[in-house]
Amino acid sequence: KESLESLIEDVKTESFKHDPRLHDDKITEKLLKDESFPNELKDEVVFKTCVTHNLHKVLLYMISNQPDFYKDFIFKNGESILFELNNEDIILEIFDKYSSNLWLQKTENAMEENLLHDLITKGFGRAIDYMLERGHILNFCFKFNIAGNSPIMSIVSQNMGEIPLKIWKCMEETENKDLLSESITKLNAREYNLLHLCSENKENNLLLAIFQSSSMPRDSLYEACNQKTVKGRMALDFCSDQKTILSIFKTIEF
């Protein structure tokens, strides 16, 4: 019968006798039966291996029970492991256990994406809502990745309910009108702007909210409306919802 110590040693040496997910289950089962926290887990190599091989249950146990010890493993040299994590519960635990000054550090991945981009790509709506509810989103909203997409441009194709509209409401709070204008007029690598993407992906509530925004400079809205894709299509050419089109026509004069 495998001991907890031997299972943890297998993790440290990456000598898995089973699928890593089975290791995750086996170790967690033993951890939950033992009231003491094993010293064998207090090891950076073990921690990194758990991250690399998605031992999510063990990671959650470690961070939940010893947050102070693992802080320096999670946030190191001004960077964090958040981009490497593929489990929303662990990310939420990190948000809850550590100061926002740590996990709001302006780190980026190889695609020049910030944390909000990354959470959108992973479909982690609860984590995005956590940031929204605590006012931690605005500084991330106006960053464009290597493909020329801001977070809100990335999210419109993800079917994430009301979150795109919530992000837009947050963006409207900026005092920098140039940033707000750029958010709808900047073209991505496909030469689509935010309005094109909203129309194409049937994000009609968001599209209408942008047109009705009292914060958006009218000249920027006109510019975005008239920008064309490589195939010569303007944003409203993609919109097939008559109610949305009529509401837009009532909002702005063409």
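## Basis and overall fold

Residues are numbered from 1 along each chain as its sequence is written, and side-chain values use heavy atoms, with hydrogens and water left out. The model is predicted: local features need pLDDT of at least 70, side-chain atom pairs count only at pLDDT 80 or more, and totals for chains, interfaces and linings use all residues.

The protein chain has 16 helices and two strands. Helices (H or I, at least four residues) and strands (E, at least two) are DSSP runs, numbered from the N terminus. The C-alpha trace spans about 75 × 35 × 30 Å along its principal axes. Of the 254 residues, 50% count as buried. Buried means under 20% relative accessible area, with a 1.4 Å probe and protein chains only. Take contacts (heavy atoms within 4.5 Å) between residues at least 6 apart in sequence: 69% of them join residues at least 24 apart.

## Nonpolar core

The largest nonpolar core has 81 residues. Such a core is a set of buried Ala, Val, Leu, Ile, Met, Phe, Trp, Tyr and Cys residues joined through side-chain atoms within 4.5 Å. L41, F47, F95, I128 and W168 have the most contacts inside it. Helix α14 (residues 204–212) gives the largest share of this core, six residues.

F95 contacts L82, W103, L115, L119, A127, Y130 and M131, leaving aside neighbours within four places in sequence.

## Helix α1

Helix α1 spans residues 4–13, and L4, L7, I8, D10 and V11 are buried in it. Seen down the axis, these buried residues fall within an arc of 150 degrees, so they line one face of the helix. The arc is that of the directions from the helix axis to the C-beta atoms. Their cover includes α2 (20–33) and α3 (44–52).

E14 follows α1, with a positive phi near 55 degrees.

## H117

H117 sits in helix α8 (residues 115–122). H117 is buried, at a relative accessible area of 1%. Its side chain reaches the backbone oxygen of N149 at 2.9 Å. Not counting residues up to four places away in sequence, H117 touches K143, F144, N145, N149, S150, P151 and S154.

## Largest pocket

Sixteen residues line the largest pocket; I74, E79, S80, I81 and E84 lie nearest its centre. Two or more lining residues come from each of α3, α5 (67–74) and β2 (79–80). α3 gives the largest share, five residues. On a 1 Å grid over the protein atoms alone, a pocket is an open set of points where a 1.4 Å probe fits, with protein on both sides within 12 Å along at least five of seven lines; lining residues have an atom within 4 Å of a point.

Key: Polar contact = N/O pair within 3.5 Å; in protein donor to acceptor, adjacent residues only side chain to side chain.
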